[in-house]
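Please brief me on the fold shown below.

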Amino acid sequence: MGFEFNENVIEHFENPRNVGEIPDADVIETVGSPVCGDMLTLYIKLKDDKIEDIKFKTYGCGAAIATSSLFTELVKGKTVEEALKVTSDVVVEAIGGLPEKKVHCSLLAPDAFKQAIEKYRAKQ
Ligand SMILES: [Zn+2]
């Protein structure tokens, strides 16, 4: 891919977790990154203020796919407040680091999540 990705990144890129749609999602949010042209849509199902299920679809680069995959694994089953603390820094650290030029790709999932929760709360 032209970048030095570590094996965790490659593993998540090759076998991304929680890819797809949730037909009865409570909230759906799409964000884009102008730098790579990455696009990400998050589907979130909430129950008693917990992330019961979360899925994503992305037209993104390898780093976007890998970090979004890891993000969904990290937040699934957590409360909304706990999940909001999973920032891109947390994701990058958990995946073992990203090349500098690709760090912005790890913002997609946390940004989409934060916006989704704001949208969800505004509706309540
Ligand atoms: Zn990217």
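How many residues lie between β2 and β3 in their hairpin, and which residue in the turn has a positive phi? The β2–β3 hairpin has two residues between its strands, and D48 in the turn has a positive phi of about 50°. This is a predicted model, in which local features need pLDDT of at least 70, side-chain atom pairs count only at pLDDT 80 or more, and totals for chains, interfaces and linings use all residues. Residues are numbered from 1 along each chain as its sequence is written. Helices (H or I, at least four residues) and strands (E, at least two) are DSSP runs, numbered from the N terminus.

**Sheet**

- Three strands make an open sheet in the order β1-β2-β3, with antiparallel pairing; two strands pair if DSSP finds at least two bridges between them.
- β1 (27–33) and β3 (50–59) are at the edges with a single partner strand each, so one side of each has no neighbour in the sheet.
- From one strand to the next, the twist averages 20°.
- Strands of a sheet pair through backbone hydrogen bonds, either parallel or antiparallel.

**Strand pairs and turns**

- Seven bridges join β1 and β2 in the antiparallel sense, and G32 stands opposite M39 in β2.
- The hairpin of β1 and β2 has four residues between the strands, and G37 in its turn has a positive phi of about 75°.
- Nine bridges join β2 (residues 38–47) and β3, also in the antiparallel sense.
- In β3, D53 stands opposite K45, and K50 is the bridge partner of K47.

**Helices on the sheet**

- α2 (residues 62–75) lies across β2 and β3 and runs at about 175° to β3.
- α5 (residues 108–123) lies across β1, β2 and β3 and runs at about 140° to β1.
- These angles, from 0 to 180 degrees, are between N-to-C directions of axes fitted to C-alpha atoms, for helices over the stretch in contact.

- Beyond its neighbours within four places in sequence, L42 is in contact (C-beta atoms, placed from the backbone, within 7 Å) with residues including I54, F56, A109 and F113.

**D89**

- D89 is in helix α4 (residues 88–94).
- D89 is exposed because 12 other C-beta atoms lie within 10 Å; the cut-offs are 12 or fewer for exposed, 20 or more for buried, and partly exposed in between.

How values were computed. Two residues are in contact if their C-beta atoms, placed from the backbone, lie within 7 Å.
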